[in-house]
Amino acid sequence: MFLEELEQKEKIAFLELAAIIARIDGKLSIYENSLLKKYQRETGLEDYQLKGLSIEDILKEFKSERSKYIVLTEIFQLIYSDGVFHDHESEFVHIIKTHFGFDS
């Protein structure tokens, strides 16, 4: 929805982050897979091959408040795509929010 507003490095970082979160519960649902493909199209990175970047390397790419809000909004869409908010997903959201300096 808002991913086209991100800088190129942020788009790559977002795809890496989304891939981690989609698989955080140990499985990739049809809904999550569909969203990951949508994200690739929306960012214009259909041929991007995941590099397996660390969460620290990923999160440091998002510098503006706007890009941080975009990331969190899109990540919540991914998390809720399968209808379940797993504990691991909750923990990961907490890590992201803390790194971004957002309150609970």
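Tutor: Val93 belongs to helix α5, where a helix is a DSSP run of H or I with at least four residues, a strand is a run of E with at least two, and both are numbered from the N terminus. The model is a predicted one, in which local features need pLDDT of at least 70 and side-chain atom pairs count only at pLDDT 80 or more, while totals for chains, interfaces and linings use all residues. Residues are numbered from 1 along each chain as its sequence is written, and side-chain values use heavy atoms, with hydrogens and water left out.

Val93 counts as buried because its relative accessibility is 5%; buried means under 20% relative accessible area, exposed over 50%, and partly exposed in between, with a 1.4 Å probe and protein chains only. Leaving aside residues up to four places away in sequence, Val93 touches Phe76, Ile79 and Phe85, a contact being heavy atoms within 4.5 Å. Tyr48, by comparison, is 45 residues from Val93 in sequence and 24 Å from it in space, C-alpha to C-alpha.

Ile21 is one of the residues that touch the most other members of the largest nonpolar core, together with Phe14, Leu17, Tyr39, Ile75 and Ile96, in a set of 29 residues. At least two residues of this core come from each of α1, α2, α3 (55–59), α4 (65–79) and α5 (87–100), and α1 supplies the largest share of it, 7 residues. A nonpolar core here is a set of buried Ala, Val, Leu, Ile, Met, Phe, Trp, Tyr and Cys residues joined through side-chain atoms within 4.5 Å. In soluble globular proteins, nonpolar side chains tend to be buried together.

Gln77 lies in helix α4 and counts as partly exposed because its relative accessibility is 33%; apart from residues up to four places away in sequence, Gln77 touches Leu35, Lys38 and Tyr39. Gly44, in the loop between α2 and α3, is likewise partly exposed, given its relative accessible area of 49%. The C-alpha atoms of Gly44 and Lys11 are separated by 8.8 Å, although the two residues are 33 apart along the chain.

At the level of the whole protein chain, there are 5 helices and 0 strands, which follow one another along the sequence as α-α-α-α-α. Of the 104 residues, 43% count as buried, and among contacts between residues at least 6 apart in sequence, 81% join residues at least 24 apart. The C-alpha trace spans about 35 × 30 × 25 Å along its principal axes. The radius of gyration is 13 Å, which agrees with the value near 13 Å that a compact globule of 104 residues would have; the radius is taken over C-alpha atoms, and the globule rule is 2.2 Å times the number of residues to the power 0.38.
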